[in-house]
Amino acid sequence: MHASLSFDQAPPISVPYRFFIAAPWFGVMAGLLLALSGDAALASRWTPEALALTHLVGVGFMLQAMCGALFQFIPVAVGGNVWSPKLVANTVQPMLLLATLLLVAGLLFSRPVLLSFAVPLFLLSLGGFVVVVALALWQTPATGMTLWSMRMAIGALAVTVLLGSLLAEALAHGLALPIIDLTNVHLAWGLGAWALMLLAGVSYHVVPMFQLTRPYPLWFTHWFGPVLLLLVIAWSSRLLLDEAWWTLAIALPLLTILSVYAGMTLWLQYTRRRKVHDATSIYFRVAMLAMLAFAVSGAVFLSYPEFGNDPRATVWLGVLAFAGVFVSAITGMMYKIAPFLNWLHLQRLGAPMNAVPNMKKMIPAEAMTGQLRLHVLAVLLLLAAVWQPGLARLAGIAFAASCAWLGWNLIGAARRYRSFRDQIREVVLRC
Amino acid sequence: MTTVIDGRELQPPEPMERTLEALDKLAEGDDVLLLLYCQPHPLFNILRNSGYAWSEEIQPDGTREIRIRRAPG
């Protein structure tokens with residue numbers, strides 16, 4: 001039985017790993033940029049430094065990690081086949097890395113020509129990625145809301161990239177477009193319909209599986225994704241109908257469903273029969289608490305314009321969303337996916353099952369917990385720095401250090417895979 | 001005889017490891033009943049390639065009952 005184990009649908013281990021290993025270093029760059037820029041970076045969301053920081057985290061960290069996770073997640077969670085994953089990853093990732101660096105440099109140094117170079121690279125790399133992933137998601141025989149959430153999310157990624165490209169071209173060539181409104185729509189598609197949709201869809205599968213909770217209620221999984229998509233579409237209509245009452249009519253339900261998702265995940269964690277307090281569980285708890293804080297803050301800013309009109313209010317929401325919610329949840333996921341990848345691929349080598357090391361040996365628990373503590377400290381410092389600008393440099397250093405530690409932990413996991421693989425090959429050859 | 005493996009409170013890859021161990025000892029006509037809250041696609045791939053058949057039923061509490069036996073023929 002064991003020798004015939006086959007994971008023909010799983011991509012080569014290098015495919016997800018190359019994205020995972022690159023992602024944290026963009027977080028390091030973001031932290032260092034903040035440390036160098038100091039308090040000016042967080043004065044408003046429109047400073048060149050803030051725009052560069054947003055894209056270092058949103059495109060550099062988040063998108064890299066999410067692309068890598070999708071390559072692995074599609075076969076494992078929804079039984080889909082991604083066409084030539086190694087070829088796609090080898091083509092997409094270098095273009096995406098270069099495009100991200102050009103975009104960030106273009107925004108930071110206000111150099112339109114760099115933005116113009118970045119746009120075709122984004123369109124080619126992410127266009128190709130979207131097509132390949134969409135084909136895999138539409139051809140799988142699987143069913144369920146994880147699959148539908150992933151389908152909606154990949155469509156939203158396409159919209160996000162198109163809107164981002166339009167914005168970059170508008171900045172590069174001075175096109176007469178409503179830049180602020182378009183940016184808000186681009187952000188809603190990127191953070192809401194792409195990132196949150198994917199996070200929620202993946203949660204339906206991995207929260208019960210890895211955190212040993214009961215499953216999300218069916219009514220919730222059936223409604224959350226479609227309602228989120230409808231609200232993001234409605235938010236986009238603000239380009240045509242920019243009335244205060246309409247903004248409120250969309251934003252309040254949006255904040256409500258965020259709270260329901262976060263509250264539901266916390267409730268499932270709280271009521272599980274077997275308590276697991278590993279780094280992934282705690283990272284998810286941090287992410288959900290940050291999401292609740294985002295929803296409450298957003299409601300306060302909407303209800304009390306004297307707070308909401310302060311440019312730092314949006315920066316506060318940005319820190320909660322990017323560093324608090326997504327960097328936390330994605331890091332927690334990578335701490336499960338990387339050891340699982342190691343285990344899965346070591347099994348393929350044909351050694352007796354007891355020769356394959358336990359998943360817990362792939363990244364030391366103390367290393368993950370230590371990095372988690374530093375990340376939480378970094379998020380708290382970032383939040384404090386929004387209102388106490390003197391803390392910005394320290395917050396930047398803490399964020400850079402926590403991302404570097406994450407990067408080191410993931411490199412360690414890849415090294416351990418190689419070392420265990422070589423040991424197992426020796427055993428198999430001797431048999 | 002049915003071997004029941006309740007994987008709902010086990011962290012991956014333990015449910016898969018226990019299932020594969022149980023299948024190694026499976027006698028003719030016996031089956032394995034695996035209880036999970038998710039669809040184990042990596043396990044399905046192994047079963048497909050190793051000559052096993054399975055059926056799946058979802059219970060109202062979200063539990064998936066996956067019954068595995070040797071494929072006929």
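Chain B holds 2 helices and 4 strands. Please keep in mind that this is a predicted model. Reading chain B from the N terminus, the order of elements is β-α-β-α-β-β.

Let me begin with overall dimensions. Chain B has 73 residues, and a compact globule of that length would have a radius of gyration near 11 Å; the value for chain B is 11 Å, so the two agree. Along the principal axes, the C-alpha atoms of chain B fill a box of roughly 35 × 25 × 20 Å. Of the 73 residues, 34% count as buried. If we take the contacts in chain B between residues at least 6 apart in sequence, 55% of them join residues at least 24 apart.

Now the sheet. In what order do the strands of chain B lie in the open sheet? The order is β1-β2-β4-β3, and the pairing is mixed. At the edges stand β1, residues 2–6, and β3, residues 52–58, of chain B; each has a single partner strand, so one side of each has no neighbour in the sheet. From one strand to the next, the twist averages 20°.

As background, strands of a sheet pair through backbone hydrogen bonds, and they do so either parallel or antiparallel. Both kinds turn up as we cross this sheet.

Start at β1(B). It pairs with strand β2 of chain B, residues 31–36, in the parallel sense, over 5 bridges. One bridge to point at: B:Thr3 has B:Val32 in β2(B) as its partner.

Moving on, β2(B) and β4(B) run antiparallel and are joined by 5 bridges.

The last pairing is β3(B) with β4(B), antiparallel, with 7 bridges. Within it, B:Ser55 has B:Arg67 in β4(B) as its bridge partner. β3(B) and β4(B) form a hairpin with 5 residues between them. In the turn, B:Gly62 has a positive phi of about 95°.

What lies across the sheet? α1(B) lies across β1, β2, β3 and β4 of chain B, where β4 is residues 64–70. α1(B) runs at about 170° to β2(B).

Next, the contact between the chains. How many residues does each chain give to the contact? Chain B gives 19 residues and chain A gives 27 residues. On the chain B side, the elements that give two or more residues are α1, residues 14–24, and α2, residues 41–49. α2(B) gives the most to that side, with 6 residues. The residues on the chain B side divide into 9 nonpolar, 7 polar and 3 charged.

Finally, one helix of chain A. Helix α4 of chain A covers residues 112–139, which is 28 residues. At 1.5 Å a residue, α4(A) should span 40 Å, and its end C-alpha atoms are 40 Å apart, so the expectation and the model agree. The buried residues of α4(A) include A:Leu115, A:Val119, A:Phe122, A:Leu126, A:Phe129 and A:Val133. A:Ser125 is also among them. What do the buried residues of α4(A) pack against? They pack against three helices of chain A: α2 (48–78), α3 (85–108) and α5 (145–173).

That is the end of the walk-through.

Methods:
Residues are numbered from 1 along each chain as its sequence is written. Chains are lettered from A and ligands numbered from 1 in the order in which they are written. This is a predicted model: local features need pLDDT of at least 70, side-chain atom pairs count only at pLDDT 80 or more; totals for chains, interfaces and linings use all residues. Two residues are in contact if their C-beta atoms, placed from the backbone, lie within 7 Å. Ala, Val, Leu, Ile, Met, Phe, Trp, Tyr, Cys and Pro count as nonpolar, Asp, Glu, Lys and Arg as charged, and the others, Gly among them, as polar. Two strands pair if DSSP finds at least two bridges between them. Axes are lines fitted to C-alpha atoms, for helices over the stretch in contact, and angles run from 0 to 180 degrees between N-to-C directions. The radius of gyration is taken over C-alpha atoms; the globule rule is 2.2 Å times the number of residues to the power 0.38. A residue is buried if 20 or more other C-beta atoms lie within 10 Å of its own, exposed if 12 or fewer, and partly exposed in between; C-beta atoms are placed from the backbone. The expected span of a helix is 1.5 Å times one less than its number of residues.
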